[in-house]
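Welcome! Please keep the picture open as you read.

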Amino acid sequence: MLICLSSILISGCASSEQTNSESEQTESTKSASSGQEQTKENAQEENDDQQEAEEKQEEEQQEPQYKVSEVSSIVPIDDANSQVALLTFDDAPDKHALEIAESLKEADAPAIFFVNGHFLTTDEEKETLKKIHDMGFAIGNHTYSHANLNDLTEEEAKEEIIKVNEQVEEIIGEKPEFFRAPFGENTDYSRQLAEDEGMTVMNWTYGYDWESQYQDSDALADIMVNTELLGNGANLLMHDREWTAAAVPDIVTGLRDKGYELVDPETIKRPS
Ligand SMILES: [Zn+2]
């Protein structure tokens with residue numbers, strides 16, 4: 001979404017510059033020859049000021065507004081809205097990720113899709129990831145095979161993590177921005193490696209869609225919105241599942257009705 005914003009900004013920038021140079025020309029033509037240089041200088045100064053202001057505005061938009069706390073909730077860095085919730089979808093892109101992305105897009109709701117490398121091998125799966133990314137969603141690394149990182153050697157863990165970054169970069173042209181360990185089981189090594197790779201590490205604050213009584217879209221939509229675990233900065237874990245896909249519109253509406261703003265992942269701080 002930031003990409004959209006900055007391209008609007010850039011195109012807005014280009015057209016206003018054009019307008020400026022046109023008016024500059026007109027003014028110069030009108031001016032007497034003695035005043036011409038002065039007018040040009042003023043116009044140039046104005047242009048510089050405008051460019052500076054626009055650059056500053058762009059920087060401010062990229063300034064992170066939220067960070068991930070020790071318990072994986074989303075907390076404001078300065079004066080950003082604290083009544084927010086983050087939507088995340090793990091084990092993607094399997095059979096329902098595209099449908100989930102389309103529902104979210106329809107509702108203008110941002111989210112992170114945490115992907116596994118073993119779901120990114122066929123042309124169709126790669127195309128799905130590309131579509132999800134092109135719709136403006138953030139991509140997270142959820143390891144290649146969804147193994148428990150505690151059961152792996154450092155070398156194996158490295159392979160599980162780095163391989164996905166390479167796959168994602170090859171498909172969408174950029175590396176994942178977030179990392180979530182399968183089962184929430186990080187090691188000191190995996191956490192450090194993910195951060196060294198520029199990813200923000202997070203688990204979640206609650207989720208239900210793997211429990212048998214919530215493998216139903218109505219029951220899931222109800223618990224996701226009405227659980228007592230919903231609070232400021234909630235980090236909602238969901239999966240690429242049929243009942244989850246069907247529940248997404250009601251979850252988005254329910255959270256908003258309760259006054260929660262859905263966090264744009266692009267505003268969350270990355271490791272520097
Ligand atoms: Zn998972």
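A residue is called buried if 20 or more other C-beta atoms lie within 10 Å of its own, exposed if 12 or fewer do, and partly exposed in between, with C-beta atoms placed from the backbone. A nonpolar core is then a set of buried Ala, Val, Leu, Ile, Met, Phe, Trp, Tyr and Cys residues joined through C-beta atoms within 7 Å. This is a predicted model, in which local features need pLDDT of at least 70 and side-chain atom pairs count only at pLDDT 80 or more, while totals for chains, interfaces and linings use all residues. Residues are numbered from 1 along each chain as its sequence is written.

The largest nonpolar core has 59 residues, and Ala85, Phe113 and Val115 touch the most other members. Residues are in contact if their C-beta atoms, placed from the backbone, lie within 7 Å. Leaving out residues up to four places away in sequence, phenylalanine 113 touches Phe89, Ala92, Pro93, Ala97, Ile132, Phe137, Ile139 and Gly140.

Next come the strands and helices, which are DSSP runs numbered from the N terminus (helices are H or I with at least four residues, strands E with at least two). In strand E9 (residues 234-239), six of the six residues are buried. Ala234, Leu236 and Met238 point one way, while Asn235, Leu237 and His239 point the other way. In a regular strand the side chains alternate between the two faces of the sheet.

Strands pair if DSSP finds at least two bridges between them.

| Partner of E9 | Sense | Bridges | A facing pair |
|---|---|---|---|
| E3 (residues 84-92) | parallel | six | leucine 86 and asparagine 235 |
| E8 (residues 206-207) | parallel | two | glycine 207 and leucine 237 |

Threonine 205 lies in the loop between strand E7 (200-201) and E8. Why does threonine 205 count as buried? Because it has 21 C-beta neighbours inside 10 Å. The C-alpha atoms of threonine 205 and asparagine 235 are separated by 5.0 Å, although the two are 30 residues apart along the chain.

Finally, look at helix H3 (residues 97-106), whose buried residues are Ala97, Ile100, Ala101 and Leu104. They sit on the same side of H3 because they cover an arc of only 100° around the axis, taken from the directions from the helix axis to the C-beta atoms. These buried residues pack against E3, strand E4 (112-115), helix H4 (123-134) and helix H8 (242-257). After H3 comes aspartate 108, with a positive phi near 55°.

Methods:
Contact = placed C-beta atoms within 7 Å.
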